[in-house]
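Morning, everyone. I have one structure to walk through today. Please bring up the sequence and the model on your screens.

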Amino acid sequence: FNDKYSPIRSIPSALRVTLNGQLQLMMLMERLWLAEFRILSANTDGCTFMMHRSDVNKLNEVIAAWQTDTGHELELTEYKAYARRDVNNYLALKLDGKVKTKGAFEEHPLGGKTDERIVKEAASRWLLHGVPIRQTVEECSDITAFIYYTRIGNGGTAYSDGVEVGRTVRWYVANNG
């Protein structure tokens, strides 16, 4: 409804869908909270919560009631482990052993964004598999995994010690400076 090139564009309809969806999701989170599930995060299209396996019947009751009231069907993904920086940057180990990543934890192909890949890899391996961070760092032979970068937007320029270094700056963290 909000696509400016769509033949059925309707700003009021887009707002209705967005607001109703968000309110219905808040209703689900309220029901989960009242049933004493621990809400970990939420955004416009879902929520992540923690529960004890013995509460699966209680969860099914909450979901069934919400689906009946809203006419929507929920999609569930169970995690064995979940680590996040914030709602849009996380990694999760699913029960089937697959890893789901979002934002800063996503893998990027060669030539893509390489900012601090060693940090992401070390954190992921430690959080999901218990591999010591030092081991990941010492085993890494790809120097580009240690590179950081930033881009200065809006026509700005970066400076280092008073010297103009441009709009895209790359660096690595050394042992001494």
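**Helix α2 and its surroundings**

Let me start with packing. The buried residues of α2 make their packing contacts with α1 (11–34) and β2 (46–50). Contact here means heavy atoms within 4.5 Å.

Some ground rules before I go on. Residues are numbered from 1 along each chain as its sequence is written, and side-chain values use heavy atoms, with hydrogens and water left out. This is a predicted model, so local features need pLDDT of at least 70 and side-chain atom pairs count only at pLDDT 80 or more, while totals for chains, interfaces and linings use all residues. Helices (H or I, at least four residues) and strands (E, at least two) are DSSP runs, numbered from the N terminus.

Back to α2. Which of its residues are buried? They are L59, V62, I63, W66 and T70. Looking down the axis of α2, these buried residues fall within an arc of 95°, so they line one face of the helix. That arc is taken from the directions from the helix axis to the C-beta atoms. Buried means under 20% relative accessible area, exposed means over 50%, and partly exposed is in between (1.4 Å probe, protein chains only).

Now turn to the face of α2 pointing away from the buried side. The exposed residues N57, E61 and T68 sit there.

What about the length of α2? The helix covers residues 56–70, which is 15 residues. At 1.5 Å a residue it should span 21 Å, and its end C-alpha atoms are 21 Å apart, so the two agree. The expected span is 1.5 Å times one less than the number of residues. Just after α2 comes G71, with a positive phi of about 80°.

**Helix α3**

Next, α3, residues 117–129. Its 13 residues should span 18 Å at 1.5 Å a residue, and the end C-alpha atoms are 17 Å apart, which agrees. Its buried residues are R117, I118, K120, A122, S124 and L128. What covers them? The cover includes β3 (79–86), β4, β5 and α4 (133–139). G130 follows α3, and its phi is positive too, near 75°.

On to the strands. Two strands pair if DSSP finds at least two bridges between them. Strand β1 (residues 38–43) runs antiparallel to β2, and five bridges join them. I39 has F49 in β2 as its bridge partner. The two strands form a hairpin, with two residues between them.

The other hairpin is β4 with β5. Strand β4 (residues 89–94) and strand β5 (residues 99–102) are antiparallel, over four bridges. Y90 is bridged to K102 in β5. Four residues lie between these strands, and G97 in this hairpin has a positive phi near 90°.

**Single residues to look at**

Find E36, in the loop between α1 and β1. Its phi is positive, near 70°, and it is not a glycine. Is E36 buried or exposed? It counts as exposed, at 69% relative accessibility.

D161 is in the loop between β7 (158–160) and β8 (163–166). Phi of D161 is positive as well, near 50°, again in a residue other than glycine. D161 is exposed, with a relative accessible area of 79%.

N20 belongs to helix α1. It is partly exposed, at 41% relative accessible area. The C-alpha atoms of N20 and R84 are 27 Å apart, with 64 residues separating them along the chain.

**The whole chain**

Now zoom out. How many helices and strands does the protein chain have? Four helices and nine strands. From the N terminus, the order is α-β-β-α-β-β-β-α-α-β-β-β-β. The radius of gyration is 22 Å, well over the 16 Å that the globule rule gives for 177 residues, so the chain is more spread out than a compact globule. That radius is taken over C-alpha atoms, and the rule is 2.2 Å times the number of residues to the power 0.38.

Along its principal axes, the C-alpha trace spans about 60 × 45 × 25 Å. Of the 177 residues, 21% count as buried. Among contacts with a separation of 6 or more, 30% come from residues 24 or more positions apart.
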